[in-house]
Amino acid sequence: MSAGQADAASQAAPAAGAVSLAHGLLAGLDEIAEVGRDAARGGYSRHLWQGADLELREWFTARATSLGLDVETDRNGNLWAWWGLPGTDAVVTGSHLDSVPGGGAYDGPLGVVSALDAVARLKTTGFVPTRPFAVLVFAEEEGSRFGVACLGSRLISGAIDADAARALTDRDGVTLAEASVRAGLDPARLGADPAALSRVGLFIELHVEQGRGLIDLGSPVAVASSILAHGRWRLSFSGQGNHAGATTMGARRDPMVAAARAIVAVQDAAVAQPGSRATVGRFEVIPGGTNVIASTVHAWLDARAETDAETRALVAEITARTAAEAAHNGCSATVTEESWAPRVAFDPALRERFALALGDVPRLSSGAGHDAGVLASRVPSAMLFVRNPTGISHAPEEFAEPGDCVAGVEALEQLLRNVL
């Protein structure tokens with residue numbers, strides 16, 4: 001963005017004390033623009049309870065406190081910033097601050113910054129809520145450290161077994177229980193938190209669009225209609241480690257070859273089932289030497305489809321093809337489910353109420369999972385999407401125009417006025 005474009009965007013922004021733009025970004029995004037930059041991958045790497053995430057939590061606490069909100073950390077590491085006293089039937093809005101490895105600037109933080117800016121706008125006009133209200137930052141939404149997406153919302157809602165969660169490990173072998181201790185939490189208290197969840201009467205999550213539906217529809221914002229069924233599976237291939245030079249090609253049981261062929265089969269299976277998506281984005285090779293035939297290879301699969309049954313059918317087909325490719329190369333293979341999220345259909349009445357309140361904006365389904373989707377089976381939940389002109393997400397090129405970000409804040413403020 002040129003200086004002239006930034007100036008124009010700033011002139012189009014609401015009055016001081018509401019939303020301010022700096023260098024073409026919402027001011028809050030600009031304040032954290034250097035936190036967690038990843039020089040190797042590009043973009044940002046911000047993972048639960050590690051350096052960048054801890055810095056962002058401090059930033060959120062300071063920013064929320066400056067707005068007169070009272071910040072608390074629940075027993076699962078989620079941050080709550082309350083406007084007034086906590087209570088039941090609260091309106092809650094927010095998102096997350098963590099990222100995928102090398103992710104973009106908007107996925108998660110846009111929802112948090114927009115929530116804080118909506119509060120600033122409301123306070124500037126003298127608005128006083130008639131219901132309890134909080135801005136909520138969920139822990140480990142991306143699952144980039146411990147492998148389970150939406151971990152904070154899964155824990156608080158009881159959607160994941162507490163013992164299983166405590167045993168999750170990161171790439172350094174640190175368990176979630178151990179990491180929670182270092183973060184000042186009691187690992188014995190991780191898990192379902194009915195008291196905290198019972199305070200939520202309505203949850204609204206604003207999020208950058210992770211696709212390009214709105215650019216084609218010509219609208220800066222939309223209301224979510226549904227989320228595809230999705231999950232993560234670990235594909236493990238076992239063969240025989242050996243010397244790269246001394247082992248003839250015909251005598252090999254190479255799990256890397258089996259894994260490579262299986263990944264091609266993953267794509268073929270997804271293409272054969274229209275509307276489905278399957279991705280292998282992470283590998284672990286053991287022992288990992290250049291002149292060593294691997295003994296074990298792990299690959300992580302992300303699979304999604306419109307319905308639960310279609311997603312399960314896709315994974316079953318991938319499992320069969322994985323076994324066949326492993327056997328063809330003299331190896332064995334196992335497929336282990338690490339997380340599962342059924343299809344989410346957001347409450348139709350709430351969705352329509354919000355869409356009409358915003359001028360009959362589009363309704364969009366999401367191929368990405370969200371904390372709002374986890375909460376939707378427990379409490380009334382809704383989502384706002386802000387237009388993404390390229391459709392790129394989970395990558396450094398992720399982007400939203402400043403004017404569209406402001407439109408998102410304005411839409412969120414309007415909905416909050418509607419329900420508070």
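Q: Before we start, what should I know about the numbering and the atoms used?
A: Residues are numbered from 1 along each chain as its sequence is written, and side-chain values use heavy atoms, with hydrogens and water left out. Since this is a predicted model, local features need pLDDT of at least 70 and side-chain atom pairs count only at pLDDT 80 or more, while totals for chains, interfaces and linings use all residues.

Q: Into which domains is the protein chain divided?
A: Domain bounds come from an automatic or database domain assignment. Here that gives domain 1 (27-228 + 343-419) and domain 2 (230-341). Their C-alpha centres lie 32 Å apart.

Q: How many residues of domain 1 and domain 2 are in contact, and what area is buried between them?
A: Contact means heavy atoms within 4.5 Å; by that rule, 14 residues of domain 1 touch 13 residues of domain 2. Buried area is the accessible area (1.4 Å probe) that two parts lose on being put together, summed over both. For this pair of domains it is about 1,100 Å², with carbon and sulfur atoms giving 39%. On the domain 1 side, R154, L228 and R343 lose the most area to domain 2, together 53% of what that side buries.

Q: What is the count of salt bridges between domain 1 and domain 2?
A: A salt bridge is a side-chain nitrogen of Lys or Arg within 4 Å of a carboxyl oxygen of Asp or Glu. Between the two domains the count is one. R343 pairs with E306 in a salt bridge, with the closest N and O atoms 3.2 Å apart.

Q: Where is S276, and is it buried or exposed?
A: Helices (H or I, at least four residues) and strands (E, at least two) are DSSP runs, numbered from the N terminus. S276 sits in the loop between α10 (255-272) and β11 (277-286). For accessibility, buried means under 20% relative accessible area, exposed over 50%, and partly exposed in between (1.4 Å probe, protein chains only). With a relative accessible area of 11%, S276 is buried.

Q: Which residues is S276 in contact with?
A: Leaving aside neighbours within four places in sequence, S276 is in contact with A270, R304, A305 and L314. From C-alpha to C-alpha, S276 is 9.2 Å from L228, at a separation of 48 residues in sequence.

Q: How many residues apart are R321 and E317 in their helix?
A: They are four residues apart in helix α11 (residues 308-328), about one turn of the helix. R321 is partly exposed at 26% relative accessibility, and E317 is partly exposed at 35%.

Q: Which residues are linked in a network of salt bridges?
A: The network links R351, E352, D360 and R363. Within it, E352 and R363 form a salt bridge whose closest N and O atoms are 2.6 Å apart. E352 is in helix α12 (residues 348-357) and R363 in strand β16 (residues 363-366), eleven residues apart.
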